[in-house]
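Please open the structure in your viewer and keep the selection tool at hand. Each stop on this tour tells you what to select next and then describes what is there.

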Amino acid sequence: MRRWAEFVLRHRKVVVAFWGLVLVAGALLAGRTTDRLTIDFSLPGQPGTVTAHKIEHAFGSGGDTSPYLVAVTLPAGQTITRHEAEVGRGFAAVGTAVPHVRVIDEANTGDKAFRTKDDRTAYALVFYRFNPSPSQKLLTDPIRSAAQKAMPPGATVGVTGQDTLASGGNDSGGQGVLGETLLGAVGALAVLAFVFASFLALLPLLVAAVSILATFVMLLPLTYATDVSFIVQFLVALIGLGVAIDYSLLFVTRWREERDRGRENHEAVVVAMERAGHAVVFSGVTVAIGLLALVVLPVPFMRSMGYGGALIPLASVMTTLTLTPAILGGIGPRVDWPKIRHENRASRAWSRWTAAVVRYRWIAAGTALAALAALIVVFFGIKIGLASSESLAKNGPAYTTLNTLERGGVPTGALTPMEVLVSTDRAASVAARVAKVDGVTGAFVPSGPAGNRGGQSIVVVIPEDETVNSKSVDVVKRVKSTTEHLPGVIGVAGIGAAQIDFLHAVYGNFPLMLTIIALLTYVLLARAFRSLLLPLKAVLLNLISLAATLGLMVIFWQNGNGSDAIFGIAATGAITFWIPLMVFAFLFGLSMDYEVFILSRIREEYDAARTTDAAVIEGIGRTGRLVTSAALILFLAFAALASGPGTDLKTLATGLGIGILLDATIVRMLLVPSLVSLFGPWNWHLPAWAARPLRVQPSYPHPEREEPAPKTSAG
């Protein structure tokens, strides 16, 4: 690392010029990158996806989408009876005016289940062709407009459905990625201003801006090689902001410390690279490992988030270890003004805190583990699926329309119907059999092209309740089991079937993903810490922290204890199927950052002949403010992400945010120091047989003796 620092300092003008070009290129290409991102949650090779593709190929729409529900309510005093033909023509007009849709209603099924019990409202299911472009607008307005033009005079037309409810009935994208990033940057600047108390606070923000745009540049070629999920743009912008600032914050803080010890600027940069640079590299690799492990999952959109997400720590490490020292080596001392805060001694407050934790280590460890255990117990009640309709909207046209249908006796299962693809000659018998399945309110075979084409038909199955989570999909499992051996049945598709496939494909492979992450991280940290015990503790604590975070998400979102008060969103009833995996992949690496920051410094202090307890006190005295500030910056970035539209992104953002705070407080500042103190000399064992393949020096504990507490200063 010393040679690298010397190289960067010798060519600092070239380095700054290079990253200046990257900054310009990123600003020009970021829009093109985001335009090429896609929305695609399909599961190639899984039964539901295979059937869905067959339905879309044969019928032009449906299969893997939840339909729009278009409802028409006649004026007071009028009923659907005696107006069937007019209402039927109105629904048919939707199929004619809106391309690539199939309309299922009373007219082509002959079933009065498509009207409310008061006979004033009729509804139709409108299946559409999925468009993977993030810029694709909802069909709510075209459907409503087509129906209104053809319905009887005075009729009220409404459109609802999972997608319409989730959007609030409009296509507003909120403040967008740029607005959320700027919001996160403002919060980060406030924290950095407190940490540095000088214009140096602007440097990590500059490094983060370059890192984010560099990531978008690197992401562009990937979008030509494979489909990349639209979610990646949010991760690159907001997580990229936090990670790049964290790494730069670590580097700059160590540079300041060396300057305050009396080193001249050039040597201070070199020593910062030797000390903090190693921590940055190991931290970046651990984040990348957690994300790249997603590629073992047989799900394209999860893999794309693994590939795309891994570019974030890569860009952050590159910019931190090149641009940061290049700037510090040139104008660092001049921008570190007014220099109010000094780094020559450990923080008095953090040293006192850690000394108390070390003194009462059994109590500290027991308290932290008890709190985490309580949250882990809650985690075991998690439901995987989609947000319930109750949590998607509390007002607006889509909400009003759904209320009208529900009051009229229409089951919420109409939001998530199943589609059973069968041969036409068997359609009627299959529908009769499926209609008897427990939890099913009706099974219909539409006549005409909406339900019969090329010798194949679709049996539309309406469950009693919406099939949106791992518990409510039982009715889908029963339908699949019932139809599995019936003659003429090709397969079952729909949102519920897709969730079953996802649970099988993704969570069935989760043990493999977990094993890969744990083993690679253990080996990496064993090399970084020169210890057999410390990396094992780090991995186990990370898993405990993640389970506790998911427990908090169950409390906050699934059970609604906080989501309604803060976001005005009712209990979701489930955690969206892909979010726990993303929270795991990102938090495993991000929280490991803090472990590396803290234990690297503790190891350094122990190698300087301190006792274990003294090394813990000095190490956290040096890194406590750094870690909490870094966590607060990441939390503010996630808070900015949570300010955007969409329940799913809010759920992901809050999960990451509360996970970071939980990890940086209870785990890293209470549990880690208490456990390191408890393990004592065992922390520092790395025998020769283990050190040899890791290509590091063996490590053995040195004799420890009592020593006075390290001198501290305010900060």
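**First stop: Q162 and its surroundings**

Select Q162 together with S66, L386, A387, S389, L392, L415, T416, E466 and V468, for these are the residues that Q162 is in contact with when its neighbours within four places in sequence are left aside, where contact means heavy atoms within 4.5 Å. This is a predicted model, in which local features need pLDDT of at least 70 and side-chain atom pairs count only at pLDDT 80 or more, while totals for chains, interfaces and linings use all residues. Residues are numbered from 1 along each chain as its sequence is written, and side-chain values use heavy atoms, with hydrogens and water left out.

Q162 lies in helix α7 (residues 162–167); helices here are DSSP runs of H or I with at least four residues, strands are runs of E with at least two, and both are numbered from the N terminus. Is Q162 buried or exposed? Its relative accessible area is 8%, so Q162 is buried, a word that stands for under 20% relative accessible area, with exposed meaning over 50% and partly exposed in between (1.4 Å probe, protein chains only).

**Second stop: the sheet around β1**

Now select strand β1, residues 68–73, where six of the six residues are buried, so that the strand is largely enclosed by the rest of the structure.

Strand β3 (residues 121–128) pairs with β1 in the antiparallel sense over six bridges, and within β3 the bridge partner of A71 is Y123. Strand β4 (residues 156–160) is also antiparallel to β1, with five bridges, and in β4 the bridge partner of L69 is T160, while that of V70 is V159.

**Third stop: two pairs of helices**

Two packed helices are described by the angle between their axes and the distance between the axes. Select helix α4 (residues 84–97) and helix α6 (residues 140–150), whose axes come within 8 Å and cross at roughly 140°. Here E86, R89, G90, A93, V94 and A97 in α4 meet I143, A146, A147 and A150 in α6.

Then move to helix α12 (residues 300–320) and helix α24 (residues 579–607), whose axes come within 12 Å and cross at roughly 25°. These two helices are therefore roughly parallel to each other, since angles under 35 degrees count as roughly parallel, over 145 as roughly antiparallel, 65 to 115 as roughly perpendicular and the rest as oblique. To see the contact itself, show M302, M305, G309 and I312 in α12, which meet L581, M582 and F586 in α24.

Technical notes. Two strands pair if DSSP finds at least two bridges between them. Axes are lines fitted to C-alpha atoms, for helices over the stretch in contact, and angles run from 0 to 180 degrees between N-to-C directions.
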